[in-house]
Number of protein chains: 2
Amino acid sequence: KTLNEVLFFPSEVACVEHVFTSLPRSCLCPLRHGAETSLSRLLRHILSASSSLDLCVFAFSNVNLSRAVLALHARGVTVRVLTDKDYVAITGSQIGVLRNDGICVRCDANSVYMHHKFALVDGRLLVTGSLNWTRTAVQSNTENVVVTEEPDLVRPFVQEFNRLWESNDPA
Amino acid sequence: KTLNEVLFFPSEVACVEHVFTSLPRSCLCPLRHGAETSLSRLLRHILSASSSLDLCVFAFSNVNLSRAVLALHARGVTVRVLTDKDYVAITGSQIGVLRNDGICVRCDANSVYMHHKFALVDGRLLVTGSLNWTRTAVQSNTENVVVTEEPDLVRPFVQEFNRLWESNDPA
Ligand SMILES: [Zn+2]
Ligand SMILES: [Zn+2]
């Protein structure tokens, strides 16, 4: 059956350490443990990438989502990040962290705002919605994320990502 | 077959008069005529409502989208609008226009931002994405809108709309 899932935010505040490490009871932080939340579901979908992650997001400052992207890169997954030219230099932006890790990042210079918030996992799974990848969006805003494998939805986003990626080639 | 469609923005600039009036060649404006664009497709999906439109949008200043909502209301379609408490008073906001027309509007007062941008047409068709219903978003930004009848995606949004609507009852 084709995966179709909707995540709503704000996400319940809970520790997401278990998404990154399989060790039980390994975390001593004061947050609630063992809960599946919208954030933990989102992280699991991102971390499910085995070959590629194409990320197209206006604002990226969430450290948990950054950790997930860095984990994929460390694992050999091909990561491409397209982001807005103005947001990239904002305090707390994780884009510099990703670049310093060797991840290929391009900034959209062609539009007023590059306002997308989507990710493509292995070119197969689409993660898209209203949610910017920020701490405020995850913890405080009313937001949605659609997660789908429906080919009629995934295919246009794959094409759009490739089009934007090529049209913002800095070379 | 279940409808699944993706619209990308910025939309090509073209006259959308033909979406509202069936008269051919009725418009004398200087814009290009007869073109189907992302905006005209979006308007057609909204205008396809026959019984209800539930709209949950952070920012609403686009006059074409406002005209579509007013047309539905005039036709007897039940319209409910949920919007962000801070954006409602911004210059150009169409929320006052909708209220003056007798449309039921509620403001989300419970979250930092009510950042959703989705509409439910007859509780059957979901229209959701990164696009705020503003002129800048439609004409200048890089944006997406997913249009789907997939029940596994529509159902959670129907529940979420009803939950937010009830929890923001001003009475
Ligand atoms: Zn912990
Ligand atoms: Zn015209």
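Ala, Val, Leu, Ile, Met, Phe, Trp, Tyr, Cys and Pro are counted as nonpolar, Asp, Glu, Lys and Arg as charged, and the others, Gly among them, as polar. The model is predicted, so that local features need pLDDT of at least 70 and side-chain atom pairs pLDDT 80 or more, whereas totals for chains, interfaces and linings use all residues. Residues are numbered from 1 along each chain as its sequence is written, and chains are lettered from A in the order in which they are written.

By these classes, the lining of the largest pocket has six nonpolar, ten polar and two charged residues. A pocket is an open set of points on a 1 Å grid over the protein atoms alone where a 1.4 Å probe fits, with protein on both sides within 12 Å along at least five of seven lines; lining residues have an atom within 4 Å of a point. Of the 18 lining residues, A:Phe58, A:His115, B:Phe58, B:His115 and B:Asn132 lie nearest the centre.

Chain B superposes on chain A by a rotation of 180 degrees with 0.0 Å of shift along the axis (RMSD 0.0 Å), by least squares on the C-alpha atoms of residues with pLDDT of at least 70 in both. The two copies are thus related as by a two-fold rotation axis.

In chain A, six of the six residues of strand S2 (residues 52-57) are buried, meaning under 20% relative accessible area with a 1.4 Å probe, protein chains only. A:Ser52, A:Asp54 and A:Cys56 point one way from S2(A), and A:Leu53, A:Leu55 and A:Val57 the other way. A:Leu53 has A:Val79 of S3(A) as its bridge partner.

Methods:
Heavy atoms only, no water. Buried < 20%, exposed > 50% of the residue type's maximum accessible area, 1.4 Å probe, protein only. Helix = DSSP H or I, 4+ residues; strand = E, 2+ residues; numbered from the N terminus. Pairing = 2+ DSSP bridges.
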